[in-house]
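User: I would like a short walk through this model. Please keep the answers brisk.

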Amino acid sequence: MIGSWFIWALIGVGCIGLEMLIPGFVIFFFGLGALATALCTLIPFVGAAVWLQIMLFVLFSIVSLVFMRKKFAKIFEGTVFNGASGTSPEDGVGEVVDVVDAIEPPAEGRIRFRGTTWKARTTGESIAAGSHARIVARDNVTYIVEKS
């Protein structure tokens with residue numbers, strides 16, 4: 001007969017696998033809870049009491065979800081090991097871009113950068129459409145540029 005540890009381990013692996021299909025990064029922690037419960041069922045009195053196994057599963061799942069989700073989310077998002085994510089304020093600084101719509105202070109214009117157009121402001125003088133500019137900073141979704 002299959003032991004209860006095996007069933008909990010199977011549930012755990014299944015939940016972790018489901019995380020690949022269902023976004024939200026929550027089911028993963030139910031998988032961790034099930035795997036922790038599988039380990040606990042190897043203790044004889046825990047393996048004999050189904051109600052205790054269910055309580056341990058709920059406890060481990062909630063604790064892992066509350067205390068570990070934020071830390072794991074950063075790792076799986078890719079921001080921990082890759083500091084140059086596309087959302088950093090320095091994104092594109094120093095690159096030369098094409099000016100699509102003239103940038104006349106204080107009004108904004110548009111630049112073409114990485115295949116799409118973006119709002120842009122200049123650091124001082126006007127920049128005509130069709131010319132080149134250099135990105136010096138980024139303010140949210142607006143690039144700050146200067147004549148190139």
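Analyst: Buried means under 20% relative accessible area, exposed over 50%, and partly exposed in between (1.4 Å probe, protein chains only). This is a predicted model: local features need pLDDT of at least 70, side-chain atom pairs count only at pLDDT 80 or more, and totals for chains, interfaces and linings use all residues. Residues are numbered from 1 along each chain as its sequence is written, and side-chain values use heavy atoms, with hydrogens and water left out.

User: Is C40 buried or exposed?
Analyst: The relative accessible area of C40 is 18%. The cut-off for buried is under 20%. C40 is therefore buried.

User: What is the relative accessible area of C15?
Analyst: C15 counts as buried. Its relative accessible area is 14%.

User: How many disulfides does the structure hold?
Analyst: A disulfide needs a pair of cysteine sulfur atoms within 2.5 Å. For this structure the count is 0.

User: Which pattern does the chain follow along the sequence?
Analyst: Helices (H or I, at least four residues) and strands (E, at least two) are DSSP runs, numbered from the N terminus. The chain has 4 helices and 5 strands. Read along the sequence, the pattern is α-α-α-α-β-β-β-β-β.

User: Which residue in strand 2 stands opposite V99?
Analyst: Strand 1 (residues 96-101) and strand 2 (residues 109-113) run antiparallel, joined by 3 bridges. Opposite V99 stands I111.

Conventions:
Pairing = 2+ DSSP bridges.
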